[in-house]
Amino acid sequence: MACAQRDVPDEATIVSEVDAIVDAHAGQDGAVIPVLQSIQERLGYVPREAIKRVGERMSISYSELAGVVSFYSYFTTVPRGRHTVRVCLGTACYVRGGKEVLQKFEESLGIEVGNTTEDRLFSLEVGRCFGACGLAPVVLVDDEVHQRVSPPKVRGLLDAYRDAADAESSAEAAGTGGGSESAGGRAGGADEPKEGSA
Amino acid sequence: MVDIRINDRPMKVSSDTTILEAARQAGITIPTLCHMEQRPPLGACRVCVVEVKHAPRLMAACATPVAEGMEIFTNTKRVRDGRRSVLELLLSEHNGDCRICVRSDDCELRKIAANLDITKVRYEGELPPARYDDSTPALRRDTEKCIKCRRCITMCTDVQGVGALAPQKRGYGTEIGPAFSLDLGDVACVQCGQCAAACPVGAIIETSHVEDVWHALEDPEKHVVVQTAPAIRAALGECFGYPPGTRVTGKMVAALRGMGFDAVFDTNFAADLTILEEGHELLERLKHALVPKETVGAAAGASQEGAAGGSAQGHGAGGGFNPRGGGGPGGNGSPTGGGDGHGGGSSERDGHGGHNGDGGHGPGPLPLITSCSPGWIKHAELFFPDLLPNLSTCKSPQQMFGALAKTYYAQNAEVDPANMVVVSAMPCTAKKFEAARPEMRSSGYQDVDYVITTRELGRMITSSGLSFDELEDDTTDSPLGQSSGAADIFANTGGVMEAALRTVWEVVTGSELPGENLHFQPAQGLTGVKEAEATIAGTKPEFSFLEGVTVRIAVAHGLGNASKLLSEVRRDPSRYHFIEIMACPGGCIGGGGQPRPTTDEVREARIRGIYAEDEGKPLRKSHENPDVAKLYSDYLERPLGPRSHELLHTHYERREV
């Protein structure tokens, strides 16, 4: 599981990634949002250091850029987990109990909307209608649609992803000849908030 | 042109007019909380709604252009009800207590609510997160009072190009402020206070020094002196109902004396002094660029000699002066001498070697850029660090005054500087920041202790119980009180340039600055960036290196304009010799600490008032100020001399925030 997460980039990496992306958009009008999108695609999130660097390179103030990043729910400034859970709170999902489902996810993951679990396996987001209102309440995990999710189903849904991640990391540990102890330790740690709140 | 009707009255207006502008032309004021003159419509506050015949909804007057045959109604029941709803919604989010709000007298939200007869708010809801931001020396933010009209952003981002404030998040969660709910002190803010001048409510205000000043005045141990900036004498009257531009210098002095200051001085005195220091700095830099290196040492001495006493005007044939607005580059003579220290983007102050044996300070590169405006200084430190060597090393008049008050004046008056308190009354919020800069302690103490804005001074006079109307004109004290008209015009954009030219021209040629009534028209007025050039002729022998040289100058006011000009300087470092920059639109008369509102009409009225003050003075040129001459003969010796460097000059540093 240690290998499941993307490493948090250091400042030098951020600067060089941002510079390459800004250079690729040089001379284009209205390039701010495409640049920020590319940064999120490359790094998994838009770190504050990256926003500062974009500002320096494109002569836009930090506060203005932060305004753009915080306006669009697409952008996130915290590192993303391996899986992004999006709970729909569109009208249909909302009236069918989407909010309770969201609460259950917050409890089970031990995080609030917009954050990432400590093991960096899950990030939790809110969605505003995925166009599947007939299946409400809907939860999207990465590109996978989960329909008619109710609070009691949440634990099982998450465990499936956890198990897959565990399997992957033990396979990798076996491949590299060690590390099973640390994988076990991490899994235990991730369970803690879940047990505490259940 | 299109034909429209407003409230059944026919009128013809240009087709690119908005309803708001058309109504103003018809003498009808439509209330608005977000719109600012000469800026694109925002449509953020919705207070300006009007009824347009056949339109299904009420329309925002600021954002709706007129159309042929349009019939507009600005005061129907539907309009009033609509505005009332909008106001009540704004009020429901505005968590301000008018009883203890500094803006209760001039709060635009409260005024509009009162005009609409709103006596209760029908909506109750969640209030915005409350955060009080006192992270900077000059400004205070109170997010509970913010109504999200975005005027502060218009000023900070669109006009000034600073961008410390921006809308964050979206929808109900929208916050107006620095990135990620940080404090102002954590982002690049220049402290110019244009946000505080534009805010319709009390969400951004200046840090008050009022109580500190009262405290000092009451302390019998303290010797409290005050200096007043040039720009406040044509604006302070607005706090007492006088029209903008009314000159109240004499009443202001009387009021300060009535409040109990031990001595009432004038920043103008220090402005005259600034001209002598900065004028000679300009001549040194010109000489350094124009005269072959081996002769610089000898020539520099000569330039300083010509200055100190401030010779009276001569009557030579000062011909050849030919001010021309909008002069482009590439005139005759290219006097900056190319790659000598400037243009390389070097931020090393002494990167160009050449010392003239004067306290170790070699002349810096051209163009020389003025340094009176502390908002501009911080802007340069943040955004143009490569041009810091171009900034005049002269402190601003406020800080020159402070340093002299606690040394020269303290000695004369036999006051222990430890017991002296120097108060400044300024049109500016950034002056609070400047006074607190750690390097501004040349006297061994903080040179300027407290800075109050024009608005704070107005409140203090009122609370002192003095009837401003009835005060008899009084005059400032010696030795830091007398000034020439050249000092007054520091208040206006182009004024420092004009004041410097009045002195430098005369020092160099021995004759008066040509131009009607000593004015330098191309530098005046509200055009954002002004350029001019003048060819010097008839120089005195010691300034023969300037004979026939075409000196190119530029003036910018408002930091957005300044940034445009400086980008040009970066591109072509030899384009100008001398540049004046003021952080605020219109110069100090439009400062962030001036009475509200400040519109272009108000700016123009204050500018006229200041020129009238200048023209009314018996002395019009800084070098004619006898108290300044005395200061040099008794204490400083000569401009740019060692003691000047110690007390009157400073240095700058690159900053991140």
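This is a predicted model: local features need pLDDT of at least 70, side-chain atom pairs count only at pLDDT 80 or more; totals for chains, interfaces and linings use all residues.
View 1. Chain A contains 8 helices and 4 strands, and, read from the N terminus on, its elements follow the order α-α-α-α-β-α-α-β-β-β-α-α.

**View 2. Burial, surface and contacts of chain A.** Of the 198 residues in chain A, 43% are buried, while the chain exposes about 10,100 Å², with carbon and sulfur atoms supplying 49% of that area. When contacts in chain A between residues at least 6 apart in sequence are considered, 67% of these contacts join residues at least 24 apart.

**View 3. Geometry of the pair formed by helices α1 and α2 of chain A.** Two packed helices are described by the angle between their axes and the distance between the axes. Here, helix α1 (residues 11-24) of chain A and helix α2 (residues 32-43) of chain A have axes that come within 10 Å and cross at roughly 135°. The crossing in which α1(A) passes α2(A) is right-handed.

**View 4. Residues at the contact of α1(A) with α2(A).** On the side of α1(A), the contact is made by I14(A), E17(A), V18(A), I21(A) and V22(A), and α2(A) contributes V35(A), S38(A), I39(A), R42(A) and L43(A). By class, the residues of the contact of α1(A) with α2(A) comprise 7 nonpolar, 1 polar and 2 charged.

Methods
Residues are numbered from 1 along each chain as its sequence is written. Chains are lettered from A and ligands numbered from 1 in the order in which they are written. Side-chain values use heavy atoms; hydrogens and water are left out. Helices (H or I, at least four residues) and strands (E, at least two) are DSSP runs, numbered from the N terminus. Buried means under 20% relative accessible area, exposed over 50%, partly exposed in between (1.4 Å probe, protein chains only). Contact means heavy atoms within 4.5 Å. Accessible areas come from the Shrake-Rupley method with a 1.4 Å probe; for residues, only the protein chains shown count as cover. Axes are lines fitted to C-alpha atoms, for helices over the stretch in contact, and angles run from 0 to 180 degrees between N-to-C directions. A crossing is left-handed if the near helix is turned anticlockwise from the far one by less than a right angle, and right-handed if clockwise. Ala, Val, Leu, Ile, Met, Phe, Trp, Tyr, Cys and Pro count as nonpolar, Asp, Glu, Lys and Arg as charged, and the others, Gly among them, as polar.
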